[in-house]
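Q: I am new to this structure and would like to learn how to read it step by step. Could you take me through it, feature by feature?

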2 protein chains.
Amino acid sequence: MKKKNKKINAAILIIGNEILSGRTQDKNIAFISNWLNLKCGITVNEVRIIPDIEKTIVENILNLSKKFNYVFTTGGIGPTHDDITAQSIARAFKVKHEYHNEAYKILEKYYGKKKFNEGRKKMAKMPRGAKLIYNPSSAAPGFIKKNVLSLPGVPSILNSMIENCRRYLIKGLTIHSQTLNLYTVESNISEKLGQIQKKYKKDIEIGSYPFFRLGKIGVAIVSRSNSKSKLKKVNIELTKLAKTKEIKILKI
Amino acid sequence: MKKKNKKINAAILIIGNEILSGRTQDKNIAFISNWLNLKCGITVNEVRIIPDIEKTIVENILNLSKKFNYVFTTGGIGPTHDDITAQSIARAFKVKHEYHNEAYKILEKYYGKKKFNEGRKKMAKMPRGAKLIYNPSSAAPGFIKKNVLSLPGVPSILNSMIENCRRYLIKGLTIHSQTLNLYTVESNISEKLGQIQKKYKKDIEIGSYPFFRLGKIGVAIVSRSNSKSKLKKVNIELTKLAKTKEIKILKI
């Protein structure tokens with residue numbers, strides 16, 4: 001991982017009819033986003049979920065790879081007809097979709113020459129110039145082409161590969177986060193909270209999220225910033241707000 | 001709900017830093033998509049998750065509302081400073097963001113005149129010309145403006161409101177789905193499966209999804225179509241494929 005002095009952002013592109021149709025509950029968005037946030041200081045600024053249609057994938061790859069420092073794709077790199085992520089990225093960047101030598105060797109070794117059939121060979125095809133993201137679970141590598149990193153859709157496999165993305169990423173400023181859980185309703189604090197957000201709008205992003213816990217209603221106030229000292233100041237103001245309004249703070 | 005004779009599609013726009021940051025696991029996408037599919041014959045063709053930034057919301061509302069029959073937004077209609085969905089939709093469609101008379105009355109009655117403070121009043125502000133989506137859980141209504149339906153982000157509240165969207169939607173062709181769970185790996189069937197998909201590409205969408213169950217590996221073959229008879233034909237071919245390859249079918 002390289003230098004660490006500015007804001008770096010990313011988009012996530014989930015490719016798969018099964019997520020769009022509601023058949024499968026996505027678990028990759030929160031996982032990737034948390035990892036990027038906590039481990040790499042990279043903020044996810046947009047997520048899109050799109051179907052397995054080449055034209056749609058090409059358009060979204062071109063659009064997102066221009067708008068953000070990195071794009072993470074999930075899904076569509078397996079052996080079946082609906083796995084068209086690699087060929088679509090090749091098309092987007094106008095390069096050949098061809099066997100990647102190292103990926104071919106890895107897969108041939110993993111399956112053995114006899115069992116290395118057409119479907120499995122398909123997983124060694126990548127956009128020309130791609131570099132591998134190794135897969136310790138099931139051998140078939142992901143890849144990075146330009147600023148687009150392609151990972152599989154199966155969460156357990158993706159999770160096992162994520163650390164192998166790190167070498168390709170520039171680390172951004174660390175993003176600190178603090179949460180204050182208040183036993184109140186949003187409308188009781190919204191005015192004052194808005195004022196605090198306004199005061200710190202340059203450095204801090206404050207979010208307000210209702211929760212229900214053990215039959216009680218509450219609001220989680222989440223503050224995020226690159227500055228720990230500014231976060232502390234906000235925390236003092238929020239605690240004061242709670243005290244003034246006689247709101248109980250939930251310690252967890 | 002009105003006529004029922006063509007393909008109708010939708011996009012979902014999740015508005016909220018808490019989903020983007022990975023802090024909160026989204027549950028609304030699968031819920032809305034399943035409901036639209038099964039109850040309304042409407043296919044979700046794209047999902048986007050974006051931050052609480054007015055300019056970004058405006059751009060996405062304009063883009064998605066042109067591309068799709070309906071856009072469902074979730075999040076950002078509460079009482080706090082980061083709830084800016086209504087004002088952003090008003091901005092996108094160049095109409096005033098103002099008190100909606102009926103919404104104002106509903107909320108005033110729910111909270112009582114004394115407790116109807118500024119934060120709560122904010123929830124009665126909507127784009128001019130919006131129609132209400134009633135909320136049986138916590139009173140604060142969602143709304144529809146043009147082809148954009150805005151719902152809250154809290155899943156339990158959203159779920160309780162979804163049936164109240166139905167009156168505003170045109171029903172599309174029913175989408176049928178069938179799943180065949182095979183105890184095999186994708187690469188064992190990928191070639192033949194690709195041929196079957198090719199044969200029925202006009203009418204059927206076939207997806208292939210690895211699963212792990214009770215320590216065994218399998219592949220779920222999901223076929224989706226507006227035609228029940230075509231689905232039956234595909235099922236016969238898939239069952240034949242399993243028989244030829246001596247693959248066990250998992251009955252569930």
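This is a predicted model: local features need pLDDT of at least 70, side-chain atom pairs count only at pLDDT 80 or more; totals for chains, interfaces and linings use all residues.

Q: How do I read a sheet, and in what order do the strands of the open sheet lie in chain A?

A: The general idea is that strands of a sheet pair through backbone hydrogen bonds, either parallel or antiparallel. In chain A, four strands form an open sheet in the order 10-11-9-12, with antiparallel pairing, and its edge strands, each of which pairs on one side only, are strand 10 and strand 12 (249-250) of chain A. To follow one pairing in detail, take strand 10 and strand 11 (residues 216-225) of chain A, which are joined in the antiparallel sense over ten bridges, with Phe211(A) standing opposite Gly218(A) in strand 11.

Q: Which strands does helix 9 of chain A touch where it packs on the sheet?

A: Helix 9 (residues 228-244) of chain A touches strand 9 (176-182), strand 10, strand 11 and strand 12 of chain A, and its direction makes about 5° with that of strand 9. Helix 8 of chain A, for its part, lies across strand 10 and strand 11 of chain A and runs at about 165° to strand 10.

Q: How many residues does the contact take from chain A and from chain B?

A: The contact takes 44 residues from chain A and 45 residues from chain B; among the elements that give two or more residues to the side of chain A are helix 2 (28-40), strand 2 (42-50) and helix 8 (186-199). The residues of that side divide into 14 nonpolar, 19 polar and eleven charged. Because 100% of the interface residues of chain A are also interface residues in chain B, the copies meet through the same surface.

Q: Which strands pair between the chains?

A: Strand 2 of chain A pairs with strand 2 (residues 42-50) of chain B in the antiparallel sense over three bridges, and there Arg48(A) stands opposite Arg48(B).

Note on methods. Residues are numbered from 1 along each chain as its sequence is written. Chains are lettered from A and ligands numbered from 1 in the order in which they are written. Two residues are in contact if their C-beta atoms, placed from the backbone, lie within 7 Å. Ala, Val, Leu, Ile, Met, Phe, Trp, Tyr, Cys and Pro count as nonpolar, Asp, Glu, Lys and Arg as charged, and the others, Gly among them, as polar. Two strands pair if DSSP finds at least two bridges between them. Axes are lines fitted to C-alpha atoms, for helices over the stretch in contact, and angles run from 0 to 180 degrees between N-to-C directions.
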